[in-house]
Amino acid sequence: MTLKPILLGATALAGFASMAMAERGADGHVNVIYWQAPSIMNPYLSGGTKEIEAASLVIEPLGRYNEKGEMVPYLAEEIPTVENGGVAEDLKSITWKIKPGLKWSDGTAFTATDVKFTADYCMNPEGGCAQLAKFEGVESVEVIDDLTVKVNFADAQPNPYGPFMGGQSPIIQAAQYAECTGARASECAEENFAPIGTGPFKVDEFRPNDVISLSANPEYRDPAKPAFATMTFKGGGDATAAGRAVLETGEFDYAWNLQLAPDVIANMEEAGQGEALAAFGTLVERIEVNLTNPSPDLPEGERATAAHPHPFLTDPDVRKALSMAIDRVLLTEIGYGQAGRPTCDWVPGPDAYAANNTHCLEQDIAGANALLDGAGWIDSDGDGIRDKDGVELSLLFQTSTNAVRQDFQALIKQWWSEIGVETELRNISASVFFGGDPGSPDTFQKFYADVEMYANLFDGTDPQNYLASRTCDKAPRPATQWQGENINRFCDPAYDELVKELGRTAELSKRAEIAIKLNNMITKEQNVIIPLVHRGRVSAKSNTLGGVILNVWDTELWNAADWYRIKE
Amino acid sequence: MLTYTIRRLVLSVPTLLFISLVIFLLLELAPGDPMAQVPLTVPPEVKERMREALGLGEPTHIRFGKWMYQFFVVEPMMLIDHIFGTALAEGQQRVLSWQFRSPVMDVIIQRMPQTLWVVAMSYVVGILIALPIGIYSAYRQYSLFDQAGTFITMVGYSVPPFFSGVLVIVIFSVQLGWLPSIYDTTLEVVDWETFKKQILQMVMPVMVLALQTTAQISRFMRASMLDNLNQDYVRTARAKGLSEWAVVMVHVLRNSMIPVVTVIALGVPYIFGGAIITEQIFKVNGLGQLLITAIQANDLPMVQTVTFMIAVLIVFFNIVADVLYGVLDPRIRYD
């Protein structure tokens, strides 16, 4: 099953449906299940995907990304660009025009003041706002008139679509949140559970980590939408049960993010109650290579820092051989099925930025062996492990605890043993591994191992910040409390220079060209990141739910206003 | 008896204070980070700010002191306010959950009905099934009924709910389509229709949990009955010409109930702990699910409060069990 026919079908049906039943609330009730339950309805206080998704039914940004990663206006009249004059020539400001006549669900008018308030709310230093990164570089937000708001940046911003764009930065109502700024942000339980919004639904009752009851927003801008009068948004359980409730028993209409083994989903689909949808964003499961020496013999504070380069992983041939020995097609088939595809890229999408490399898709053990032989890594002491100048190719390979990852570790260990590399495996509880505690030796940032595996992605559709994460200054080290995104401690002046150039370039095709070059430096040329699987999102919908378009660039519920019941 | 009860209650205060300190320190020392579930796309500086906003920057003893004050002073005042409409706790900081940014107690109270309906009901059902099985199994030891009962209780003991729960869902929800697989916590019983719905959605979780209770208690009941059936007073009672019913159900049963009542009383606190696995399987979202999600999210105030409340109940029901012992058995009086 591919995405295209579903999308075509859905679009065709959507067109048909809007003619057939143009009345708000005509289709009754819809049931949605998220196996991770939302704990709050304010994405500025959580940052978790489940909260952002749930909140997107109620509060909306000025513009969203559609299923192709293109920007579409929501509360704004149009997406400001340099061409239409919305973005200043010097890239230092962006001016949004708001649709006239918008109303909050309590009946009051939506104005530019609310937009400015949202920015101030998140940028308040005491609030602990989770989406602060969206407002990076913002100097001030000005209200020009009731329907015009201008965002001023401190420096030129080639990508000015951070604030108010996408599910992570929706607009909250100034009147409702006036008393909830700064340190008081977390005391406003009532506001955080039932924000007043402009979206298709409003909260009737919110039970944290359990269930949300919603009903159609009477003030929604399209008088014919949403088609559903009420919605139950159930949370909790596990992915299997959520999939079962939609695909097998038909109790629910939509299930989010089914991280299940491929054959499990296929079995459930056979029951004929619904279908699984898949779409791909930018999530890549990868192996990161440590370019510094993590040896426990080194003193704390110098271990795994740039002061001590890695004894053998700094050799590009070794890194390349490690990459060549992996069978990505097999890994994908075992671990992800239709929710994954093998990749050689660190930035696999959106289409404009994807390098679409294919050099690594075929496993090449013989080639890897030849490469290592040529580089002088031979098994001189006959213990089955290659060595050179007394250094053995022996690796510590760590990842988080997760069944698929442990399968991958075992397979990769086997392949690496075939090229004379010894691997010791280690797995760490995800809450510790990703926890970022500078006191713990087991975090992925501290990287006290030779290689490690995890998945990461970037928000929205612009990879600039993601690519900039591998510049020299972003390396985690004691001076930064071990924080930083340059996990490999990769440091190449040419790379840093190119990143700077990307920051100065506004033209899309030029940006894409630079981004692809940067991606290739990290993967194809240097192999400091060994990409494995481009992971997609699988969700399920029942056969009677229409209008669903799975979107990985924004929240999955981005078009819930267009959902409707397919009549028999 | 009364002085004994009072002495025990007074002694439990230092015990509970010590328990609360141990829980707090254990959680403090355990690895993990409340920001671990925040996506990697959120930069570390932002996460650091979020941690500070949660109050994580303060030293351990101050946070423990704050929690003690909030839990033992502010929360009871809230309760008094709620009952008598006073305003004692106005403006006071309550125990706030890190996940929800809302008072921990409010969520606990919200979760109570589901847990009581399902877990407590299963406990009652389990006991009601277990007692007759235990009594009859002992009375007709090694009979066919006893063998069958032993088999079923062994199955109940050894089959974990994550297996039996999923099994019944596959049979009754997927194959037969008789029962819902997802519990609707928003359902309010107002008429026969909703009452029927409530019963239907409770059947599976209650039976899965009751199987375990039944297994445990019927084994206790049977063993205890067997101990008593061979005693001299039973022979005396029969020799007096009492009916079998009077011998078994009056003389033997009362004596046999002593250890069983203790076991039942000691099991009560676990009702309030919820049934973590079964609640997850049927999406009952009661206290058990609350506790496990709080643990996963490293929501320390929530974990601390729920765990401590369970500790209070365990200590309390221990006292209840000891007192009941004295009531049932005149030979044991503590004065």
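Two residues are in contact if their C-beta atoms, placed from the backbone, lie within 7 Å. That cut-off applies to the views below, which come from a predicted model.

**View 1. Surroundings of A:A255.** A:A255 touches A:I33 in chain A.

**View 2. The largest nonpolar core.** This core holds 195 residues. A:A255 and A:A325 have the most contacts inside it. Helix α7 of chain B, residues 192-229, gives the most to this core. Its share is eight residues. In soluble globular proteins, nonpolar side chains tend to be buried together.

**View 3. Packing of α4(B) against α7(B).** The two helices pack at an angle of about 35 degrees. Their axes lie 6 Å apart. The crossing of α4(B) and α7(B) is right-handed. What classes of residue make up the contact of α4(B) with α7(B)? The contact has 23 nonpolar residues, seven polar and one charged.

**View 4. Where chain B meets chain A.** On chain B, 43 residues are in contact with 46 residues of chain A. Which helices of chain B each supply at least two residues of the side that touches chain A? They are α2 (44-53), α4 (104-139), α6 (161-175), α10 (276-282) and α11 (287-296). Of these, α2(B) gives the most, with seven residues. By class, the side of chain B that touches chain A has 21 nonpolar and 16 polar residues. Six charged residues make up the rest of that side.

**View 5. The fold of chain B.** Chain B has twelve helices and zero strands. From the N terminus on, its elements run α-α-α-α-α-α-α-α-α-α-α-α. The C-alpha trace of chain B spans about 80 × 60 × 40 Å along its principal axes. Chain B has 335 residues, and buried residues make up 34% of them. Take the contacts in chain B with a separation of 6 or more: residues 24 or more positions apart account for 69% of them.

Definitions and conventions. Residues are numbered from 1 along each chain as its sequence is written. Chains are lettered from A and ligands numbered from 1 in the order in which they are written. This is a predicted model: local features need pLDDT of at least 70, side-chain atom pairs count only at pLDDT 80 or more; totals for chains, interfaces and linings use all residues. Helices (H or I, at least four residues) and strands (E, at least two) are DSSP runs, numbered from the N terminus. Ala, Val, Leu, Ile, Met, Phe, Trp, Tyr, Cys and Pro count as nonpolar, Asp, Glu, Lys and Arg as charged, and the others, Gly among them, as polar. A nonpolar core is a set of buried Ala, Val, Leu, Ile, Met, Phe, Trp, Tyr and Cys residues joined through C-beta atoms within 7 Å. A residue is buried if 20 or more other C-beta atoms lie within 10 Å of its own, exposed if 12 or fewer, and partly exposed in between; C-beta atoms are placed from the backbone. Axes are lines fitted to C-alpha atoms, for helices over the stretch in contact, and angles run from 0 to 180 degrees between N-to-C directions. A crossing is left-handed if the near helix is turned anticlockwise from the far one by less than a right angle, and right-handed if clockwise. Lists of a residue's contacts leave out its neighbours within four places in sequence.
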